[in-house]
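Reader: I have a new structure to read. Where do I begin?

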Amino acid sequence: MKRLALLASAAILGLAILPAQAQSPSTLRIGLQEDPDVLDPHKARTFVGRIVFKGLCDKLLDITPELKIIPRLATEWSFSDDGLTLRMKLRTDAKFHDGEAFDAAAAKANLERAMTLPDSLRKSELASIESISVVDPATIALKLKRPDATLLAQLTDRAGMMLSPKSLGPDIGSKPICSGPYQFVERVQNDRIVLDKFKGHWEAANYHFDRVIYRAIPDTTVRLANLRAGELDMLERLAPTDVKSAKEDKTLKVVSMPNLGYQGITINTNHGEAANQPMAKDKRVRQALSLAIDRKVLSQVVFEGLYAPIVQPFPPTSPYVDATLPVPERDVAKAKALLKEAGHSKVSVELFVTNNPVDAQLGQVIQAMAQEVGIDVQIRSTEFASQLRDQQQGKFQMSRIGWSGRIDPDGNIHQFVTTKGNQNDGRYSNAQVDKLLDEARTIYDVAERKKRYDAAQKILQDELPIVYLYNQTVFFALRSNIEGFVINPDGMIRLSGLKRS
């Protein structure tokens, strides 16, 4: 406890030495659980990066708390009768932070970059687009290779974010020039990202803070201590163990909502030398790991029972959940039998976790459960950006990682398990899974799409490239004088309407 108190004090002191301007009443200070990766929407993949982008980069479309797609930079849209052309009308009063006007040519340049940049993580999200044409300065037309039921949902996130075309160089991620309500000022790695209000924004009147500072504070206890001390105005992902005490604190308020994604363990099945181990080579070892984990106990011990156990990539409320695949009961005897059948009495495997207290505890509980069936889990911990980098390079055996989720089911599954998926870090490959998930992208009818997802999930539940664990309820804690926060199941912080009373 003494160590935690010292850490909290150190963090508070660290915040206190910011320039006086940063502590003014017109500054909003937000505590993040991790430091974002590159601030380039076409290359980025972190949840906290998406939170920063909400203030920094406007998108073609957005979503409401009810998951309806609404206009943003695109004001209206329609598909041709054959579903092979998407025509979008664009705002004519939007500008980039460098003063350049946003128009159809800028939208075309951004979408083409997202589709063709060698290290773009948006390629698979926009894979259905064959070509983009400028109809007039306020209209673009996207010609598709095939009907795509997912495309509009993709354009509500990073695939639809717009950067100034004149700034599209190799270093844009270090000083992004977007068209959002706030513009980039500075970034101190693993400390803070500072944005100032962009007075030329078409919706500037709805943004009431002159400056927004995002602080990376991985320790949940320290993050909450800074909020209580008034050094932060709000934080994302309040730890479940702190929810009760935060709700009882009259200087704070807590809001929550189940998110759209999943948390689980991604297994390296076929990516580099790290995949040369039993967990990668034999699905029975992966099945044994899954059966060793009591998901309900995991939720109780680590998350106060506030997170729903799952074994699918979709949230429990999704119409795409397969009811024939319930959360299994823990079965130590069957797990041991599977391990024996695979030719092992004991296996050893490394689990990558993020260096925060919650992930550390989660890793330890999984380690203890797996030990009982003969799986020796060695825990490796590092900061989040390094974890993602090593995952992308195949330098991992298992990684405790999650996904914040998308409104379309494709966004939670396709890019993670298809052979060419941009975020398939373990390089899992199954031709039938590819076929089913590619087909699902072309079907608009929910029942027909669900048949493809159900069939794909039957295979994935057997082969287990990802062991799904729980759906995360996102808790935000705010100072009681912060008003106008509207929670959304995507877990993002929308700055519009936020003000200090």
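Author: The protein chain averages a pLDDT of 94. At least 70 is the score of 95% of the residues.

Reader: Where does pLDDT stay under 50?

Author: Over residues 1-22. Where pLDDT is low, the predicted coordinates should not be read in detail. For residues 1-22 the model has 28 contacts beyond four places in sequence.

Reader: Now the sheet. In what order do the four strands of the open sheet come?

Author: The general idea is that strands of a sheet pair through backbone hydrogen bonds, either parallel or antiparallel. Here the order is β4-β5-β7-β6, with antiparallel pairing. β4 (74-79) and β6 (129-136) are the edge strands; each pairs on one side only. On average, neighbouring strands of this sheet are turned by 20 degrees against each other, direction ignored.

Reader: How many bridges join β4 and β5?

Author: Five, in the antiparallel sense. Take F79: its bridge partner in β5 is L86.

Reader: Which helix packs on the sheet?

Author: Helix α3, residues 104-116. It touches β5, β6 and β7. The direction of α3 makes about 170 degrees with that of β6.

Reader: How many aromatic pairs does a search of the whole structure find?

Author: It finds 12. Take Y182 and Y207: their ring centres are 5.9 Å apart. Their planes stand at 85 degrees, and over 60 counts as edge-to-face, so this pair is edge-to-face.

Reader: Why does the pair tie together parts that are 25 residues apart in sequence?

Author: Because Y182 lies in strand β8, while Y207 lies in the loop between β9 and β10. Y182 and Y207 are both buried.

Reader: Which residues form one aromatic cluster?

Author: Y262, W403, F416 and Y468.

Reader: Where do charges sit over rings?

Author: R91 lies over the face of W202, 3.6 Å from the ring centre. Look also at R380: its charged end sits over the ring of F352, at 3.9 Å from the centre.

Reader: Last, one residue. Is I466 buried or exposed?

Author: Buried means under 20% relative accessible area. I466 has 4% relative accessibility, so it counts as buried. I466 is placed in strand β18 (residues 466-471).

Reader: What does I466 touch, not counting residues up to four places away in sequence?

Author: I466 touches Y262, I265, T266, F416 and V417. Two of these, Y262 and F416, belong to the aromatic cluster. G200 is 266 residues from I466 along the chain, and their C-alpha atoms are separated by 45 Å.

Terms used
Residues are numbered from 1 along each chain as its sequence is written. This is a predicted model: local features need pLDDT of at least 70, side-chain atom pairs count only at pLDDT 80 or more; totals for chains, interfaces and linings use all residues. Side-chain values use heavy atoms; hydrogens and water are left out. Rings of Phe, Tyr and Trp (its six-membered ring) pair if their centres lie within 6.5 Å; planes under 30 degrees apart count as stacked, over 60 as edge-to-face and the rest as tilted. Helices (H or I, at least four residues) and strands (E, at least two) are DSSP runs, numbered from the N terminus. Buried means under 20% relative accessible area, exposed over 50%, partly exposed in between (1.4 Å probe, protein chains only). A charge sits over a ring if NZ of Lys or CZ of Arg is within 6 Å of the ring centre and within 35 degrees of the ring normal. pLDDT is the predictor's confidence in each residue, from 0 to 100. Contact means heavy atoms within 4.5 Å. Two strands pair if DSSP finds at least two bridges between them. Axes are lines fitted to C-alpha atoms, for helices over the stretch in contact, and angles run from 0 to 180 degrees between N-to-C directions.
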